[in-house]
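Thanks for coming. I will go through one model, starting with the terms. Here it is on the screen.

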Amino acid sequence: MQIKVGELKKLQETINYTARHDAVTKTLNGTAFAAAVEHYIDRRKRIATDAGGVMIAVVVDTLDEISRRYGPQWADTVMQSLAAIIQSSVRKGDLVARLATNELGVFLPGATVENAQDVGTRIRRRVAEASFSDEGTPMSIGIRLGGAVFEGPTDFNHIRQLADEMAMQRGGDSDEAIPMSRLPAA
């Protein structure tokens, strides 16, 4: 009986992990990421000493082109690599998730704009240093970064929308600071 209970427990853990993580990147999926950010925001409402945070959107401009030219397996490989690069670029306790086919999100709880700029710079540098090629033909990986800083009450969708807007408007310049939008404090 104990063996069966242990097997069931392992199966339940596997099911829980699969339900919360993206199959390709092994990062949180959008639903789990949104729930974690909302939980942080709700906790901040009850604990006045908690700091705000920053969300960074990482949009891969060239993913559709890579998928069409090299095949969908290469698009998955690129997203896996980018997720690993991003996870190695963030601080302990930061969250990384796949939010869309071509988008990864990074949540930096308690971060300042300076912390977020440091993380963004590391991401850009490591992506630029990474080598992506198919049979010796180099692939160009174009990413856009944008961020949303919050200190007061807000919701996940508002933060994500602002981070996405910043990435799409001005987030492709690799030599400049990551464009950030600041939500008004309550």
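A residue is called buried under 20% relative accessible area, exposed over 50%, and partly exposed in between, with a 1.4 Å probe and protein chains only. The model is predicted, so local features need pLDDT of at least 70 and side-chain atom pairs pLDDT 80 or more, while totals for chains, interfaces and linings use all residues. Residues are numbered from 1 along each chain as its sequence is written, and side-chain values use heavy atoms, without hydrogens or water.

First, helix α1, residues 2-20. Helices are DSSP runs of H or I with at least four residues, strands are runs of E with at least two, and both are numbered from the N terminus. I3 lies in α1 and counts as exposed because its relative accessibility is 64%. From I3 to V127 the C-alpha distance is 46 Å, at a sequence separation of 124 residues. L8 is also in α1; its relative accessibility is 56%, so L8 is exposed too.

Next, strand β2, residues 53-60.

Which strands pair with β2? Pairing requires at least two DSSP bridges between two strands. Strand β4, residues 103-109, runs antiparallel to β2 with 7 bridges, and G53 has P109 as its bridge partner there. Strand β7, residues 143-150, is also antiparallel to β2, over 8 bridges; in β7, I56 is partnered by G147.
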